[in-house]
Amino acid sequence: LKLSESTCFMSFSFPEKIWPSFLSVVPVSLFLKGMIEAKQSFLKLSWSKRIFYILLSPVFLILSIVRATLESCFDLIFHVLHCVFILLFLWCKGIFLILKSILALPLAFVFYVFEIFYKTLDFIIYRLLLLSLSHWALLLVGIAFLLGYCILEVTPRLGKELIPEIHQGEFHLEITYPIGTTVEKSDQKLKKIEEFLLTQKKIAKISTVVGSDKLSSNKEEQGEHTARITITLPQEKNRIEEEEKLIHSIRQELQGYPGMEWKVSRPVLFSFKTPIEVEIHGYNLQKLHEIARKAQEKIALIPGIYDVKSNIGRGNPEIQIIYNRSLMAHYKLNLMDVANLVRSKVKGDVATRFKEKDRRVDILIRLTPEDRESIQHLKRLVVNPGGSKPISLSSVADIVLNEGPSEIRRINQHRTAIITANISGKDLQSANNDIYHTLESMDMPQDFSFTLSGQNKEMQTSLSSLQLALFLAMFLVYIVMASQFESLLQPMIIMFTVPLAFIGVVLTLDFFKIPLNIMVFLGMIVLAGIVVNNAIVLVDYINQLRNRGINKKEAILKASHARLRPILMTTATTVLGLLPMVVGLGDASEMRIPMAITVISGLSSSTILTLVVIPTIYSLVQKD
């Protein structure tokens, strides 16, 4: 009993100072005390009760031992876990104290620098605010000039595109040989290209698909004469630069392979269109081919446009039979009967079907392969079987080897030739403008026209929708503020922060050469909801001070000083939270970077200008 209640181990008594009951086993102590009390109670019983007690004592003893054992186990587990948590807490606190001692000096320096920066900024804003309140006309003219410069000068030269070009470490090389090339010949010609690709060190693997089934292919220009090579690059930090260098070297190499067309394509998100698609409409197929070929040559000369390809290619080889109607009338032959006869002999007709159980096999009747293997054999075909004198096909028709159109593609009921191309180092809008001016300079017939489709059409539709969404977001923000401020004028003052953010966005995009795209507009829509926060905080506190009886100018100066720190804190937390997106870590980072830069630049510029411009506008429109 003394051992179970002991609070020290052998001669070590330190547990008594930290946790006195840590080493004591309470369940065992209670069990032993219970045994002692049971012995004393047993001695006080009569003999008859002692006999009954002796008979039941084994059961009570077993139950007591089991209970004491379980309680001891739970008590031991509790002590161990408690000890582990205490040690873990002490370990964490020790690390914290170590880091605190290490970082105490740098953090103190950071806090000192921040305080100097904050006081300096507070002083500068205070002085600027005094100047702006007294020279408000000069300030508004300067802001209007800067905004007009951004709208009229900077925005047009930004350019537009649908989405940023994404480098995923994989691209495709699509190769087209002349129509009629067999799969075997296409595969044989690809071996040299594959050997060149395998010599490149920056390629992890390649995959080649030669030929395409016309029935399963979803593209009209695909067939046995086409091939597709998928090139995958290894995971590296500078993979974007290596991919561009590799594509450039592949383009240089393929210039020396005549007799084929090729283009480089990448997996594209949100769109199945190539960046450049030019549709040339016209009825005359021959002229359409000539104009498409000339347009293809001129577009290929435009800087920044690569992999120019037209869907107008050489047609499939075919044998054409041109009947002489006067000779056929002289021999009293019917054109339809002769044409059907030639067709039946060459292509054949199903005369009947052979039945074998559940199978039905067509029985095709036509000439033997030896009698139809060449044009000379076709010329000897008899077109008047049963006549008194046999008449050969060459006597009433001319048989020539020619080629038919590869395809006749119609868009909106007009025969159309489509020219596709990729762009590199140039935004989509600039490329389309160059193509438009190039095609305008061509001397096309009056019944021919052209349109720019592809991603250009999708870009115009998407950006128009996002512009509508931006204005709708601004309207909803204004409605919410009007209901909260119970005023139509003060929310209008706050909405001036949106053009202030626009100034920073446009200048930053121009500095980094980022064109307007879907991600930039999404960032602007986000800005429409968050740039007003700082102005709301500022205007609301000015109203509170004025309600306390402070005059307008003093309320503006005090509110600007009191709300500077929270405004800087909200801006800094948002900017720092978006910095990892600007760094561009991970795949498809090109999608996130424009939106992050848009939000950071717009929020930063609106914060700086809000502290001066919004109080000045407030002092002008609000009565004393």
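I take buried to mean under 20% relative accessible area, exposed over 50%, and partly exposed in between, with a 1.4 Å probe and protein chains only. The model is predicted, and I keep to its limits: local features need pLDDT of at least 70, side-chain atom pairs count only at pLDDT 80 or more, and totals for chains, interfaces and linings use all residues. Residues are numbered from 1 along each chain as its sequence is written, and side-chain values use heavy atoms, with hydrogens and water left out.

**Entry: the sheet**

I looked up the strands, which like the helices are DSSP runs numbered from the N terminus (helices H or I, at least four residues; strands E, at least two), and I count two strands as paired if DSSP finds at least two bridges between them. I find an open sheet of four strands with antiparallel pairing, in the order β2-β3-β1-β4. Its edge strands are β2 (205–210) and β4, each of which pairs on one side only. From one strand to the next, the twist averages 15°.

I then went through two of the pairings. Strands β2 and β3 (residues 226–232) run antiparallel and are joined by six bridges, with Ser207 opposite Thr230 in β3. Strand β1 (residues 170–176) pairs with β4 in the antiparallel sense over five bridges, and here Leu173 stands opposite Val264. I note that strand β4 (residues 261–265) is largely enclosed by the rest of the structure, because four of its five residues are buried.

**Entry: helices across the sheet**

For contact I use heavy atoms within 4.5 Å; axes are lines fitted to C-alpha atoms, for helices over the stretch in contact, and angles run from 0 to 180 degrees between N-to-C directions. Helix α6 (residues 183–198) lies across β1, β2 and β3 and runs at about 165° to β2, whereas helix α7 (residues 239–254) lies across β1, β3 and β4 at about 10° to β1.

**Entry: salt bridges**

I require a side-chain nitrogen of Lys or Arg within 4 Å of a carboxyl oxygen of Asp or Glu, and by this rule I have ten salt bridges. One of them joins the side chains of Glu174 and Lys263 at 3.9 Å, N to O. This pair links distant parts of the chain, with Glu174 in strand β1 and Lys263 in strand β4, 89 residues apart; both Glu174 and Lys263 are buried.

I also looked up Arg343 and Asp349, whose side chains meet at 3.2 Å, N to O. Arg343 is partly exposed at 42% relative accessibility, and Asp349 is partly exposed at 32%.

Lys558 and Glu554 form a salt bridge at 3.3 Å, N to O; they are separated by about one helical turn because they stand four residues apart in helix α19 (residues 552–562). Finally, I noted a network of salt bridges that links Glu153, Arg157 and Asp510.
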